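This note sets out, point by point, what may be read from the model shown here.

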Amino acid sequence: MASVLRSELPVVSDDEFELVERARGGDRDAAATLLERHELSVWRVCRHLLPPGDDVEAAVQETFMRALAKLGRYSGSGSFGGWLTAIAVNYCRDRLRRVRLVPFRPLEVDGEDENNPLAVLPAPEADPERTAMGRQAMARVHAEVARLPQRQREAFVLRFFAGLKLAGIAAALGVDVGSVKTHLHRAVRRVREHVQEAVP
Amino acid sequence: MKIEHLTGDELDLLLLGEEVAAPAAEHARTCLVCRRRLEELRRAMSHPGRLDPSPAARQRVRDAALAAWRAPQPLRRPVWRWAAAAALVAALLLPLLRPGGGGGGDVDAAAVLAEVDALLAADPVSAAFSSELVTALAAEHEVNGAGSTS
């Protein structure tokens with residue numbers, strides 16, 4: 001499955017640990033490889049956790065710069081992807097606090113506008129009706145995720161969009177695994193129910 | 001016979017990759033309706049690739065971060081700078097701190113410190129290890145040291 005990300009690795013691999021060591025020594029190629037491996041998770045986290053209208057590209061760059069500056073503090077006890085994602089989450093939280101946008105503005109659900117990022121197209125299917133329903137379901141998921149309480153939204157995004165496992169999510173959010181499960185269950189129930197209302 | 005499809009809670013558990021009771025797991029495996037529903041929910045909750053950045057955007061951001069990164073240097077210059085400053089100050093002030101060392105009246109501490117600042121600003125490392133400076137300081141030290149003991 002294409003959406004499986006390397007950040008699902010539970011612990012840092014030998015290869016990755018070597019890359020981290022080389023990057024700490026100033027090896028730019030090693031640093032670039034590390035960023036490239038996990039950048040998709042960071043992009044997705046920033047896209048879904050930043051306040052609406054915030055610059056995702058700037059957020060990703062700032063996350064990378066913070067990570068590179070703090071490479072010496074990475075202990076290697078968890079996955080590098082999880083550590084990097086945690087930096088992204090913290091950046092997004094900072095932005096939320098600064099712009100004081102407490103309620104998340106729900107994104108548009110309907111519409112075929114090319115500029116609408118939610119005008120997503122699932123894999124082509126023979127049945128146009130099912131394609132349309134799939135598109136609607138996906139749009140509803142994104143709209144409902146944007147409306148979730150912050151902790152639930154963070155857990156959902158890290159699990160389903162960034163591909164982290166429970167331990168990685170717990171580390172990234174600074175909570176225990178039990179709390180992650182609670183947030184995830186509540187988030188999934190709410191999102192599923194919202195989708196099933198529209199696409200029974 | 002009424003068919004019991006998966007409940008909402010069971011669907012949630014399966015979406016989260018968790019275990020469900022054996023009958024529910026068996027139903028999820030064999031019931032076409034529930035399998036399709038689960039698959040549609042999974043697909044809806046996965047991140048659509050269309051929302052991901054282009055490879056060009058990804059590379060641009062990565063390159064920008066790396067360009068701004070000041071990679072660690074093998075020799076950390078600030079440490080040498082501080083070591084050089086400490087050595088130089090100690091060498092220059094030692095005569096003044098000895099009993100009677102400052103009684104000669106011919107050493108101006110403010111002038112010495114100004115000289116240290118100037119030397120460090122110009123080139124701290126070579127200033128600290130300049131043979132001429134060390135020689136001059138040693139001679140100065142001899143003079144003051146001799147004066148204090150006589």
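Predicted model: local features only at pLDDT ≥ 70, side-chain atom pairs only at ≥ 80, totals over all residues.

1. In helix 7 of chain A, the residues L166(A), A167(A), I169(A), A170(A) and L173(A) meet V177(A), V180(A) and K181(A) of helix 8 of chain A. By class, this contact of helix 7 with helix 8 of chain A comprises seven nonpolar, no polar and one charged residues.

2. How are the axes of helix 7 and helix 8 of chain A placed? They come within 9 Å and cross at roughly 100 degrees. Helix 7 of chain A and helix 8 of chain A are therefore roughly perpendicular to each other, since angles of 65 to 115 degrees are counted in that class.

3. Neighbours within four places in sequence set aside, I169(A) is in contact with A155(A), L158(A), R159(A), L164(A) and V180(A). The largest nonpolar core holds 60 residues, and I169(A) is among those that touch the most other members.

4. The crossing in which helix 4 of chain A passes helix 7 of chain A is right-handed. On the side of helix 4 of chain A, the contact is made by G82(A), T85(A), A86(A) and V89(A); helix 7 of chain A contributes G168(A), A171(A), A172(A) and L173(A). The residues of this contact of helix 4 with helix 7 of chain A divide into five nonpolar, three polar and no charged.

5. Helix 4 of chain A has a further partner in helix 2 of chain A, which spans residues 28-49. These two helices pack at an angle of about 30 degrees, with their axes 9 Å apart. Helix 2 of chain A is therefore roughly parallel to helix 4 of chain A, as angles under 35 degrees count as roughly parallel. The crossing of helix 2 and helix 4 of chain A is right-handed.

6. Which residues of helix 2 of chain A meet helix 4 of chain A? They are L34(A), H38(A), S41(A), V42(A), V45(A), C46(A) and L49(A). Facing them in helix 4 of chain A are F80(A), G81(A), L84(A), T85(A), A88(A), V89(A) and C92(A). The class count for the contact of helix 2 with helix 4 of chain A is ten nonpolar, four polar and no charged residues.

7. Turning to chain A as a whole, it has eight helices and zero strands. Of its 200 residues, 40% count as buried. Among contacts in chain A between residues at least 6 apart in sequence, 70% join residues at least 24 apart.

8. One residue of helix 8 of chain A, residues 177-198, is E193(A). E193(A) is exposed, with 12 other C-beta atoms within 10 Å. Its C-alpha atom is separated by 9.9 Å from that of E144(A), which lies 49 residues away along the chain.

9. Chain B likewise has eight helices and zero strands. Of the 150 residues of chain B, 13% count as buried. Among contacts in chain B between residues at least 6 apart in sequence, 67% join residues at least 24 apart.

10. The contact between the chains takes 29 residues from chain B and 37 residues from chain A. On the side of chain B that touches chain A, the elements giving two or more residues are helix 1 (8-15), helix 3 (32-45) and helix 4 (55-68) of chain B. Helix 4 of chain B gives the most, with eight residues. By class, this side of chain B has 18 nonpolar, four polar and seven charged residues.

11. L66(B) lies in helix 4 of chain B. Residues up to four places away in sequence not being counted, L66(B) touches R28(A), A31(A) and A32(A). Is L66(B) buried or partly exposed? L66(B) is partly exposed, with 17 other C-beta atoms within 10 Å.

Technical notes: Residues numbered from 1 in each chain as written. Chains lettered and ligands numbered in written order. Contact = placed C-beta atoms within 7 Å. Helix = DSSP H or I, 4+ residues; strand = E, 2+ residues; numbered from the N terminus. Nonpolar A, V, L, I, M, F, W, Y, C, P; charged D, E, K, R; others polar. Left-handed = near helix turned anticlockwise from the far one by under 90°. Buried ≥ 20, exposed ≤ 12 C-beta atoms within 10 Å, placed from the backbone. Core = buried A, V, L, I, M, F, W, Y, C linked by C-beta atoms within 7 Å. Axes fitted to C-alpha atoms, helices over the stretch in contact; angles between N-to-C directions. Parallel < 35°, antiparallel > 145°, perpendicular 65-115°, else oblique.
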